[in-house]
Amino acid sequence: MAEPRVSLDDFLCALSQDLLKDPVTIPCGHSYCKSCITSHWDQEDQMRVYSCPQCIQTFSPRPALARNTMLAEVVEKLKKTKLPDDCYAGAGDVQCDVCTGRKYKALKSCLMCLNSYCQNHLEQHESFFKGKRHKVTEATERLQEMICQKHEKILEVFCRIDQKCICVLCTKYEHKNHDTVSAAEQRKEKQVFKLAIKLKG
């Protein structure tokens with residue numbers, strides 16, 4: 001079983017969408033940057049009822065804010081933890097679509113969600129869609145090109161008459177009664193043909 005990974009993304013303030021600065025935890029258990037929750041509550045001063053932006057729980061009177069020392073230390077330690085550079089997406093790498101801030105390198109792309117995922121977010125995707133048929137492939141930036149624009153299905157069939165990849169629904173309508181094979185089979189045939197020409201030459 002994969003080890004649970006902790007990333008800086010787990011310590012973002014819901015208000016600023018940035019790393020927690022001087023974190024405080026309010027009575028409902030949610031944490032924010034001290035300055036973010038202070039300015040949020042300043043706007044609610046007239047009503048004398050103060051809410052949590054995430055769970056909408058209300059408090060009256062205004063809760064006193066104390067620094068969450070343990071959370072502050074964890075954030076600081078994580079900031080100092082140097083992640084290997086090869087985890088981050090560089091030039092020519094496919095970026096994770098879910099990462100915020102500096103993007104990690106995507107390992108896989110989901111043809112159903114049309115997103116690419118780093119290891120951490122791939123694990124979340126797998127657990128969320130467990131038991132559902134989500135087709136995952138090697139990370140690619142050409143996700144849109146692999147989907148039928150008309151039916152939003154994967155292009156997994158090759159039409160020999162029109163010489164193009166189509167989806168299963170295309171075979172029932174626009175390409176009905178056409179000579180079709182699976183895209184994988186067509187690729188294999190093409191490779192064999194190229195190899196035969198190479199050997200002849």
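In the predicted model, W41 is buried, with a relative accessibility of 0%. F59 is likewise classed as buried, its relative accessible area being 9%. Both values fall under the 20% limit that defines the buried class. In the pair formed by W41 and F59, the ring centres are 6.3 Å apart and the planes meet at 65 degrees, so the arrangement is edge-to-face. W41 belongs to helix α1 and F59 to strand β4, so this contact ties together parts of the chain that are 18 residues apart in sequence. Together with Y50, these two residues form one aromatic cluster, consisting of W41, Y50 and F59.

Charged contacts were examined next. Side chains of opposite charge can pair when their charged atoms come close. The structure holds 6 salt bridges. One of them joins R62 to D42, with 3.0 Å between the closest N and O atoms. R62 is located in the loop between β4 (58-59) and α2 (69-80), whereas D42 is part of helix α1 (residues 34-42), so the bridge connects parts that are 20 residues apart in sequence. R62 is partly exposed at 28% relative accessibility, and D42 is also partly exposed, at 42%.

A further salt bridge is found between the side chains of K150 and E174, at an N to O distance of 2.7 Å. K150 lies in the loop between β7 (136-138) and β8 (157-159), and E174 in the loop between α4 (168-172) and β10 (180-182); the pair therefore ties together parts that are 24 residues apart in sequence. K150 has a relative accessibility of 61% and counts as exposed, because the exposed class begins over 50%. E174, at 35%, is partly exposed.

The side chains of D179 and R160 also meet in a salt bridge, for which the N to O distance is 3.9 Å. This value lies within the 4 Å cut-off applied to such contacts. The pair links distant parts of the chain, D179 being in the loop between α4 and β10 and R160 in the loop between β8 and β9 (164-166), 19 residues apart. Both residues are partly exposed, with relative accessible areas of 39% for D179 and 27% for R160. Salt bridges with shared partners additionally join D42, D45 and R62 into one network.

Conventions
Residues numbered from 1 in each chain as written. Predicted model: local features only at pLDDT ≥ 70, side-chain atom pairs only at ≥ 80, totals over all residues. Heavy atoms only, no water. Helix = DSSP H or I, 4+ residues; strand = E, 2+ residues; numbered from the N terminus. Buried < 20%, exposed > 50% of the residue type's maximum accessible area, 1.4 Å probe, protein only. Phe/Tyr/Trp six-rings, centres within 6.5 Å; stacked < 30°, edge-to-face > 60°.
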